[in-house]
Amino acid sequence: VAAVGADVAVPPGVRVIDAGGKSVMPGIVESHSHMGMKRLWIPADLDNNELSGAINAQTRAIDSIDTTDRAFAIALAAGITTVNITNGSQTPNGGQAAALKLRGGTVDDMYLAPGGMKFALRTTFRERRLYPTTHMGVASILRESLIAAQDYLEEWKRWNARRTGPPPARDLKLEAMG
């Protein structure tokens with residue numbers, strides 16, 4: 001939309017839409033979705049929770065999204081044009097989310113930007129004993145991971161400043177958490 005109003009100068013050949021008597025709004029943004037990771041109407045299809053550890057910052061939602069999920073078409077028909085696909089919350093840190101525009105048919109067509117990092121301060125699935133069973137225990141794991149990520153980034157900063165000796169070992173989990 002380039003202009004709205006009664007006195008807008010419209011150049012020749014430009015398509016004009018008369019929206020008189022109608023409501024017009026921008027596309028809706030869905031800030032927390034698991035579309036494409038938990039496909040609609042497929043109960044056994046749960047690819048949004050990596051349970052190999054408590055901290056999964058290195059995992060990316062974008063690597064698991066199935067754009068053929070019918071939820072995308074339903075969302076678009078309902079006016080949702082942008083979604084933030086997040087990892088699940090069955091671990092204290094689920095990983096990296098991805099912001100998508102509902103256009104095209106592939107993840108490459110849809111990708112807009114990184115969508116943040118998923119944290120969950122709760123004790124879901126305690127019986128699995130993947131991480132502590134109390135909120136204070138979960139908070140301690142998150143705090144330890146964030147401090148380790150700060151240390152990792154500082155180590156790289158020091159190395160980049162001097163550029164002598166071998167660089168620190170790359171750690172995708174700490175890199176993403178940082």
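Why is strand β2 (residues 80-85) largely enclosed by the rest of the structure? Select it: 5 of its 6 residues are buried, so the rest of the structure largely encloses this strand. Here, buried means under 20% relative accessible area, exposed means over 50%, and partly exposed lies in between (1.4 Å probe, protein chains only). Strands (E, at least two residues) and helices (H or I, at least four) are DSSP runs, numbered from the N terminus.

Before moving on, please note that this is a predicted model, where local features need pLDDT of at least 70 and side-chain atom pairs count only at pLDDT 80 or more, while totals for chains, interfaces and linings use all residues. Residues are numbered from 1 along each chain as its sequence is written, and side-chain values use heavy atoms, with hydrogens and water left out.

**Stop 1: the neighbours of β2**

Two strands pair if DSSP finds at least two bridges between them. Now click on T82: in β2, this is the bridge partner of V29. Next, show strand β3 (residues 93-101), which pairs with β2 in the antiparallel sense over 4 bridges. There, K101 stands opposite T82.

**Stop 2: F119**

Select F119 in strand β4 (residues 111-119). Is F119 buried or partly exposed? F119 has a relative accessible area of 36%, so this residue counts as partly exposed. Leaving aside neighbours within four places in sequence, F119 is in contact (heavy atoms within 4.5 Å) with P92, N93, L142, L146 and M177. Try the distance tool too: the C-alpha atoms of F119 and Q90 are 9.6 Å apart, although 29 residues separate them along the chain.

**Stop 3: two tryptophans**

The structure holds 1 aromatic pair. W156 and W159 form this edge-to-face pair, with 5.7 Å centre to centre and 75° between the planes. Rings of Phe, Tyr and Trp (its six-membered ring) pair if their centres lie within 6.5 Å; planes under 30 degrees apart count as stacked, over 60 as edge-to-face and the rest as tilted. Because W156 and W159 are 3 residues apart in helix α3 (residues 135-162), about one helical turn separates them. W156 is partly exposed at 22% relative accessibility, whereas W159 is buried at 9%.
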